[in-house]
Amino acid sequence: MTPLLVALGAAVGAPLRLLATRVAGRGGRDPAPGTLVVNVAGSAVLGLLLGLADVPAGVVVLVGTGFCGALTTFSTFGADVVRLRADGALARPLAYLGATLVLGLGAAAGAYLTARGL
C-alpha cells in the first residue's frame, strides 16, 4: 500500500512542479523562480504536516513522501545554481542559494510552529 500512496502523491506533485517551472520560464525567462516557489511551498507543506498531531502514517507517506518529494527538487535547484554561475555573475547564484535556504527553512519552521500552536 505504501508504494501506491507514494506514487499517488508524486502523480500530483511532479506535474505541479513542471507547471511552475514552465510558467516561470515562459517567454525565455529564467525558470529558477519557479523552482524556488515549489521548493518553498513543499517545505511549508512538509513542515505543516509534521507539526500536526495524530496524522495517520498513510497521510504522511502520501503527502510528505509522495507529494512533497515530487514537488520539491534538489537536482533542479543544483542545476539552476550551476547554470546561473555559468552565465558569469556570482551574486545571482549566491542570492538564489541564500533565498532558497532561508525561505525554505523559514517556511518549514513557520508551518511546523503554526501547526503545533493549533
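**Figure 1. Helices α2 and α4 form a left-handed crossing.** This is a predicted model, in which local features need pLDDT of at least 70 and side-chain atom pairs count only at pLDDT 80 or more, while totals for chains, interfaces and linings use all residues. Residues are numbered from 1 along each chain as its sequence is written, and side-chain values use heavy atoms, with hydrogens and water left out. The axes of α2 and α4 lie 10 Å apart at an angle of about 145° (lines fitted to C-alpha atoms over the stretch in contact; angles from 0 to 180 degrees between N-to-C directions). A32, T35 and N39 of α2 meet T76, F77, D80 and R83 of α4 (heavy atoms within 4.5 Å). This contact comprises 2 nonpolar, 3 polar and 2 charged residues (nonpolar: Ala, Val, Leu, Ile, Met, Phe, Trp, Tyr, Cys and Pro; charged: Asp, Glu, Lys and Arg; polar: the others, Gly among them).

**Figure 2. A salt bridge joins D30 and R83.** The N to O separation of this pair is 2.9 Å (the criterion is a side-chain nitrogen of Lys or Arg within 4 Å of a carboxyl oxygen of Asp or Glu). D30 lies in the loop between α1 and α2 and R83 in helix α4, so that distant parts of the chain, 53 residues apart, are linked. In total, the structure holds 3 salt bridges.

**Figure 3. Helices α1 and α2 form a right-handed crossing.** The axis of α1 (residues 2–24) comes within 7 Å of that of α2, and the two cross at roughly 145°. L16, R17, A20, T21 and A24 on the α1 side meet P33, G34, T35 and V38 on the α2 side. By class, 5 nonpolar, 3 polar and 1 charged residues make up this contact.

**Figure 4. The largest pocket holds about 280 Å³ of space.** On a 1 Å grid over the protein atoms alone, a pocket is an open set of points where a 1.4 Å probe fits, with protein on both sides within 12 Å along at least five of seven lines; lining residues have an atom within 4 Å of a point. Points are joined across faces, edges and corners, and the volume is the space filled by probe spheres set on them. Of the 16 lining residues, N39, S43, T72, T100 and G104 lie nearest the centre. Two or more lining residues come from each of α2 (32–51), α3 (57–71), α4 (74–86) and α5 (91–117), and α2 gives the largest share, 5 residues. The lining has 7 nonpolar, 9 polar and no charged residues.

**Figure 5. The chain follows the pattern α-α-α-α-α.** It contains 5 helices and 0 strands (DSSP runs numbered from the N terminus: H or I, at least four residues, for helices; E, at least two, for strands).

Notes. A crossing is left-handed if the near helix is turned anticlockwise from the far one by less than a right angle, and right-handed if clockwise.
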